[in-house]
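Subject: Structure handover

Hello,

Here is the structure we spoke about. Please open it alongside this note.

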Amino acid sequence: MSISWRHVNRVLHRDMGYLAVGTTLVYVLSGILLNHIHGWNSNYRVERAFATIELPAVGVDGGEEFVEEVLARIGETQGYRGTFRPDPGTLQIFLDERVLTVDLESGRVEGEVARRRFFLWAVNALHLNRAGTFWTWFADLYAVSLGVLAVTGLFMLRGRQGLRGRGGWLTAAGILLPLLLAWAFLGI
Amino acid sequence: MQKSVLAVLTLIFLAAPLTGRAATEYGQPLALGETTSVSSILDDADAYVGKAVKVEGMIVQVCATRGCWMEIASDREYERIRIKVDDGVMVFPLSARGKTARVEGKVEEISMSLEEARRFYAHQAEEKGSSFDPESITAPVKLYQIRATGAVIE
């Protein structure tokens, strides 16, 4: 019994389609997020809070004593990793996941917490190929599967609905549009 | 559908090595024996441009969106230097702030016109969520940074 190439084409398209759904959704979500990352940070949720304290009398040159007193006055019990003076009027105190910025004149303290959005950070990292060699090979395979899906899709239908009719026009439009955009915006 | 969800979750767990751990290495292994102080570089930056250096210091700032740069404190007060990488080459986590980094790379000079400098600092302020007055930049700016090839964060 001979198997027609159209049957093979349909089976390939169907099964590759099922296999590709999960990874495609990862790329869809992360692609949109990364396109707009400067408008909305999908990797981290950054929150800020403010307080004003009376600065310790010992002064910033008091080093550790000054820092520990500042932390006590804002109710912070966690130890700190280190400090930095970006300018003479400012002190930054680094804690685990948090940064405090102290205005050494006014006593205003800004606390910044940056928390990773675990799921979104992970899909972005996968999209940007940051998951190691295994993922690189997997992503290459996935890219090939998309190519197979695209090509097998061309031959799913026959006649006026297929490449010789409506399908042909849509395929041509799908190729021309990116070329047009590249010519318009990249000068190619 | 259940299989797709399971596959996605499996792929996400494979990303676990990306999470921060003690003494995390980025990029190429460090090879230079000698560490150059950041103050030495900034004191005579033109002499260092194009040269490979190794620096060490506390991480005081990290790019909050793509982790494509970080700043490390100089050995001198009020001073820091930017460590820059191309997007995706290395990704520095925000959680690295306050930790110590050892970095190798080449010193680069960035010359900006007045308009470019204003745009640059405006973008920086936007990333930090702080305000910025463009009029505070009154002249073209020359900056120095290190284009990193490798880093270790502890």
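Predicted model: local features only at pLDDT ≥ 70, side-chain atom pairs only at ≥ 80, totals over all residues.

Start with helix H1 of chain A, residues 5-35. Its axis comes within 9 Å of the axis of helix H4, residues 132-154 of chain A. The two cross at roughly 135 degrees. H1(A) and H4(A) are therefore oblique to each other. Their crossing is left-handed. On the H1(A) side, the contact residues include Leu12(A), Met16(A), Ala20(A) and Tyr27(A). On the H4(A) side, they include Trp135(A), Phe138(A), Tyr142(A) and Leu149(A). Eleven residues of this contact are nonpolar, eight are polar and none is charged.

Next comes helix H3 of chain A, residues 118-127. The axes of H1(A) and H3(A) also come within 9 Å, crossing at roughly 95 degrees. An angle from 65 to 115 degrees counts as roughly perpendicular, so that is how H1(A) and H3(A) lie to each other. Among the residues in contact are Val26(A), Tyr27(A) and Leu33(A) of H1(A), with Phe119(A), Val123(A) and His127(A) of H3(A). By class there are nine nonpolar, four polar and no charged residues.

Now the loops. Asn129(A) sits between H3 and H4 of chain A. Its phi is positive, about 60 degrees, although Asn129(A) is not a glycine. Asn129(A) has 39% relative accessibility, so it counts as partly exposed.

In chain B, look at Tyr78(B), in the loop between strand S3 (69-73) and strand S4 (80-84). Tyr78(B) is not a glycine either, and its phi is positive, near 65 degrees. At 33% relative accessibility, Tyr78(B) counts as partly exposed.

Best wishes

Conventions
Residues numbered from 1 in each chain as written. Chains lettered and ligands numbered in written order. Heavy atoms only, no water. Axes fitted to C-alpha atoms, helices over the stretch in contact; angles between N-to-C directions. Helix = DSSP H or I, 4+ residues; strand = E, 2+ residues; numbered from the N terminus. Parallel < 35°, antiparallel > 145°, perpendicular 65-115°, else oblique. Left-handed = near helix turned anticlockwise from the far one by under 90°. Contact = heavy atoms within 4.5 Å. Nonpolar A, V, L, I, M, F, W, Y, C, P; charged D, E, K, R; others polar. Buried < 20%, exposed > 50% of the residue type's maximum accessible area, 1.4 Å probe, protein only.
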